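Here is a note for a colleague who is meeting this structure for the first time. The points are numbered so that each can be checked in turn.

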Amino acid sequence: MRRALFAILLLLSVVALSAREYADSAIYQGINLKIDLATPVLELARSDAKVMSYELAMNVRLANRFYPTLELGYGQGDCAAAGGNFYGVGGFGRVGLDLAALKKSRKDNLLLVGIRLGTAVQGYSLTDVRVWDTYWQTYTVRDYDPKVRADVWGEVVAGVQVQVYKSFHMGWYVRLKLLFTRKENGTTNAWYIPGYGYRQESNFGLNYYIGWKF
């Protein structure tokens with residue numbers, strides 16, 4: 001997990017540093033790297049399961065108005081319940097575009113609105129699952145073979161970004177997430193989706209970022 005996060009951070013840093021030579025362009029005004037601090041804290045606060053995810057984000061400032069965005073991360077979920085046990089782990093990514101909603105705001109203090117397309121690929125297992133046997137009219141317990149699943153969703157986001165000191169900034173994002181991929185039939189559905197959350201038709205998300213402008 002640490003190696004994956006380090007590799008993602010290194011990749012985003014290389015992209016940011018290689019783009020600095022264009023920072024004086026009339027269209028290109030820099031690149032921001034961000035680390036999300038809120039999601040791990042909020043997930044730790046839940047008592048019904050062991051869920052944890054980490055994510056990094058990068059956006060590019062174009063014409064002081066448009067912010068193409070890339071978000072990458074890693075997540076895992078571990079739940080033991082009366083109906084069975086779930087364990088899944090995988091990576092996720094989102095791409096999208098933010099728009100500075102206030103034209104007259106300072107260039108480093110922003111109100112942002114935007115959209116995302118997200119996808120996650122994870123391996124997961126289901127064990128000790130209670131299945132109703134229609135012949136014997138009783139429950140049986142079984143384990144399912146490990147599976148790999150991909151999910152896709154869309155997001156509408158809104159957030160703020162505030163300059164704290166020189167190139168250092170922080171901000172919030174709120175997200176409305178809509179799942180596009182359907183459930184499988186039976187009891188073999190992934191209960192948790194990295195980057196999306198618990199499997200349901202819609203989810204809300206909250207991020208608190210700290211970041212650096214290059």
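**Buried charges and the overall fold**

1. R175 is buried, with a relative accessible area of 2%. Please keep in mind while reading that this is a predicted model, and that the values below are computed from it.

2. The partner of R175 is E71, and the closest N and O atoms of this salt bridge are 2.9 Å apart. Because E71 belongs to strand β3 and R175 to strand β9 (residues 168-179), the pair ties together parts that are 104 residues apart in sequence. E71 is itself buried, with a relative accessible area of 0%.

3. E71 also meets the side chain of R94 in a salt bridge, at 2.8 Å from N to O. Here the residues lie in strand β4 (residues 84-100) for R94 and strand β3 (residues 66-81) for E71, so this pair links parts that are 23 residues apart in sequence. R94, too, counts as buried, its relative accessible area being 2%.

4. R94 forms a further salt bridge with E155, with 3.0 Å between N and O. Since R94 sits in strand β4 and E155 in strand β8 (residues 147-165), the pair ties together parts that are 61 residues apart in sequence. E155 is buried as well, with a relative accessible area of 4%.

5. Which residues do salt bridges with shared partners join into one network? They are E55, E71, R94, D98, R116, E155 and R175. As background, side chains of opposite charge can pair when their charged atoms come close. A search of the whole structure finds nine salt bridges.

6. Of the contacts with a separation of 6 or more, 65% are between residues 24 or more positions apart.

7. The protein chain has 214 residues, and 41% of them count as buried. Its accessible surface comes to about 12,200 Å², with 63% of that area belonging to carbon and sulfur atoms.

8. Is G197 buried or exposed? G197 is buried, because its relative accessible area of 15% falls under the 20% cut-off. Leaving aside neighbours within four places in sequence, G197 is in contact with Y192 and N203, while the C-alpha atoms of G197 and E43, which are 154 residues apart along the chain, are separated by 9.6 Å.

Definitions and conventions: Residues are numbered from 1 along each chain as its sequence is written. This is a predicted model: local features need pLDDT of at least 70, side-chain atom pairs count only at pLDDT 80 or more; totals for chains, interfaces and linings use all residues. Side-chain values use heavy atoms; hydrogens and water are left out. Buried means under 20% relative accessible area, exposed over 50%, partly exposed in between (1.4 Å probe, protein chains only). Contact means heavy atoms within 4.5 Å. Accessible areas come from the Shrake-Rupley method with a 1.4 Å probe; for residues, only the protein chains shown count as cover. A salt bridge is a side-chain nitrogen of Lys or Arg within 4 Å of a carboxyl oxygen of Asp or Glu. Helices (H or I, at least four residues) and strands (E, at least two) are DSSP runs, numbered from the N terminus.
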